Amino acid sequence: MSAHQPEVCNVLGDSITLQLTAEQTGGQYSVVEFATPGGVGQPPHTHAWDETYLVLEGALDLNLNGDSTVINSGSCHQVKAGTVHAPTPSGDFCRYVMVGQPGGVEEVFKALKTNQEQLSDMAKVVEIVTKAGVTIAA
């Protein structure tokens, strides 16, 4: 069996590699790798799935419920469904893997990639991710 070539979504300054999708895991989980420069990150949001973050390089601030929560390289942290979080590099660069359970989080990134030309409009970005199951926190 040959390895598949994972899809890469370069959106909103982030390089996001869809390592394993819900389709490949029978819906159980998704594995997504992020390479994120400093100054780039996600706005505070929630969703109905759990996420586990494993930092490979640099440090990641998950900003849980508005509180700085820095995960250093080699460390892991789980964010339960419904928790407000805003993953942002703590420093110049961060590379991390996020496992979403159940699977399907890749649909958010695929939707952003499909609508690439509209991503300069933040209202449009919010609309796209909301359709994919993400709630942007006020």
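This is a predicted model: local features need pLDDT of at least 70, side-chain atom pairs count only at pLDDT 80 or more; totals for chains, interfaces and linings use all residues.
At 54% relative accessibility, asparagine 65 counts as exposed, where exposed means over 50% relative accessible area, buried under 20% and partly exposed in between, with a 1.4 Å probe and protein chains only. Residues are numbered from 1 along each chain as its sequence is written, and side-chain values use heavy atoms, with hydrogens and water left out.

The position of asparagine 65 is in the loop between strand 5 (50–61) and strand 6 (70–72), and its phi is near 50°, a positive value in a residue other than glycine. Leucine 12 likewise has a phi near 50°, again positive in a residue other than glycine, and is found in the loop that runs between strand 1 (7–11) and strand 2 (14–20). With a relative accessible area of 41%, leucine 12 is partly exposed. A further backbone feature is the peptide bond from glutamine 101 to proline 102, which is cis, with omega near -10°. Proline 102 lies in the loop between strand 8 (88–101) and helix 1 (106–114).

Read along the sequence, the elements follow the pattern β-β-β-β-β-β-β-β-α-α-β. The radius of gyration of the protein chain is 14 Å, close to the 14 Å that the globule rule gives for 138 residues, so the chain is as compact as a globular protein of that length; the radius is taken over C-alpha atoms, and the rule is 2.2 Å times the number of residues to the power 0.38. Along its principal axes, the C-alpha trace spans about 40 × 35 × 25 Å.

Of the 138 residues of the protein chain, 38% count as buried. Among the contacts in the chain with a separation of 6 or more, 65% are accounted for by residues 24 or more positions apart, a contact meaning heavy atoms within 4.5 Å. The protein chain exposes about 7000 Å², of which carbon and sulfur atoms supply 53%; accessible areas come from the Shrake-Rupley method with a 1.4 Å probe, and for residues only the protein chains shown count as cover. The mean positions of the 6 positive and 15 negative charges are 6 Å apart, with Lys and Arg counted as positive, Asp and Glu as negative, and His and the chain ends not counted. The place of each charge is taken as NZ of Lys, CZ of Arg, CG of Asp or CD of Glu.

Six salt bridges are counted in the model, a salt bridge being a side-chain nitrogen of Lys or Arg within 4 Å of a carboxyl oxygen of Asp or Glu. One of them joins the side chains of aspartate 50 and lysine 80 (3.7 Å, N to O), and this pair links distant parts of the chain, with aspartate 50 in strand 5 and lysine 80 in the loop between strand 7 (76–79) and strand 8, 30 residues apart. Aspartate 50 counts as buried at 18% relative accessibility, whereas lysine 80 is partly exposed at 47%. When residues up to four places away in sequence are not counted, lysine 80 touches Trp49 and Asp50. Lysine 80 and histidine 4, by contrast, are 76 residues apart in sequence and 30 Å apart in space, C-alpha to C-alpha.

In helix 2, the side chains of glutamate 127 and lysine 124 meet in a salt bridge (3.1 Å, N to O); being three residues apart in this helix (residues 122–131), the two are separated by about one helical turn. Glutamate 127 also forms a salt bridge with lysine 131, the closest N and O atoms being 3.6 Å apart, and these two residues of helix 2 lie four residues apart, about one turn of the helix. Glutamate 127 is partly exposed, with a relative accessible area of 37%, whereas lysine 131 counts as exposed at 69% relative accessibility. Elsewhere, Glu33, Glu57 and Arg95 are linked in a network of salt bridges.
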